Amino acid sequence: MKFVQIIEFETERLEEMQQVLEEAGRRNADRTNGPTHSMLLKDRDKPSRYLALIEFESYEEAMLNNDDPETTAMAGRLDALSTGERVFTNCDLLDARDLK
């Protein structure tokens with residue numbers, strides 16, 4: 001079953017965060033247990049609040065990715081760019097479809 005992790009965070013340094021995420025995306029491109037899809041959302045009502053949705057083939061693949069030392073290092077860099085703590089929500093993907 002596909003798995004999605006939602007990461008809620010606040011930052012005033014989005015451009016720097018996006019650079020870190022782009023580096024991670026390049027690193028994950030050839031990995032078998034890396035993310036398969038991602039979305040970054042900006043809260044229209046609270047401009048410094050964001051949600052990142054990261055999809056994996058399975059929960060197990062996400063946990064392998066989570067245990068990777070490079071992922072841990074990236075998380076530390078993102079923590080330094082965040083204001084406050086990041087909030088993680090772990091979800092099994094039950095349904096996804098394009099509506100157009």
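Which residues form one aromatic cluster? Phe-3, Phe-56 and Tyr-59 do. The views below are all taken from a predicted model.

**View 1. The four-stranded sheet.** Four strands make up an open sheet, and their order is E2-E3-E1-E4. The pairing in this sheet is antiparallel. Strand E2 (37-42) and strand E4 (87-92) are the edge strands, each of them pairing on one side only. On average, neighbouring strands are turned by 15 degrees against each other, with direction ignored.

**View 2. Strand E3 between its partners E1 and E2.** Strand E1 (residues 3-10) pairs with strand E3 (residues 49-56) in the antiparallel sense, over eight bridges. Within this pairing, Phe-56 of E3 is the bridge partner of Phe-3. E2 and E3 also pair in the antiparallel sense, here over six bridges. Ala-52 in E3 is the bridge partner of Leu-40.

**View 3. Ser-48 in the loop between E2 and E3.** Ser-48 belongs to the loop that lies between E2 and E3. Is Ser-48 buried or exposed? Its relative accessible area is 16%, and because buried means under 20%, Ser-48 counts as buried. With neighbours within four places in sequence left aside, the residues in contact with Ser-48 are Phe-9, Glu-10, Thr-11 and Glu-12.

**View 4. Aromatic pairs between strands E1 and E3.** The count of aromatic pairs comes to three. One of them is formed by Phe-3 and Phe-56, with 6.4 Å from centre to centre and 45 degrees between the planes, a tilted arrangement. Phe-3 lies in strand E1 and Phe-56 in strand E3, so this pair ties together parts that are 53 residues apart in sequence. Phe-3 is buried, and Phe-56 is buried as well. Phe-9 and Tyr-50 form a stacked pair, with 5.6 Å from centre to centre and 20 degrees between the planes. Since Phe-9 lies in strand E1 and Tyr-50 in strand E3, the parts tied together by this pair are 41 residues apart in sequence. Phe-9 and Tyr-50 are both buried.

**View 5. Packing of helix H1 with helix H3.** Helix H1 (residues 14-28) packs with helix H3 (residues 69-81) at an angle of about 170 degrees, and their axes are 9 Å apart. Angles over 145 degrees count as roughly antiparallel, and H1 and H3 are therefore roughly antiparallel to each other. On the H1 side, the contact is made by Glu-16, Met-17, Val-20, Leu-21, Glu-23, Ala-24 and Arg-27. On the H3 side, the contact is made by Glu-70, Thr-71, Met-74, Arg-77, Leu-78 and Leu-81. By type, the residues of this contact divide into seven nonpolar, one polar and five charged.

**View 6. Glu-23 at the contact of H1 with H3.** Glu-23 sits in helix H1 and is one of the residues that make the contact with H3. Met-74, on the H3 side of the contact, is 51 residues from Glu-23 along the chain. The C-alpha atoms of Glu-23 and Met-74 are separated by 9.1 Å.

Definitions and conventions. Residues numbered from 1 in each chain as written. Predicted model: local features only at pLDDT ≥ 70, side-chain atom pairs only at ≥ 80, totals over all residues. Heavy atoms only, no water. Axes fitted to C-alpha atoms, helices over the stretch in contact; angles between N-to-C directions. Helix = DSSP H or I, 4+ residues; strand = E, 2+ residues; numbered from the N terminus. Parallel < 35°, antiparallel > 145°, perpendicular 65-115°, else oblique. Contact = heavy atoms within 4.5 Å. Nonpolar A, V, L, I, M, F, W, Y, C, P; charged D, E, K, R; others polar. Pairing = 2+ DSSP bridges. Buried < 20%, exposed > 50% of the residue type's maximum accessible area, 1.4 Å probe, protein only. Phe/Tyr/Trp six-rings, centres within 6.5 Å; stacked < 30°, edge-to-face > 60°.
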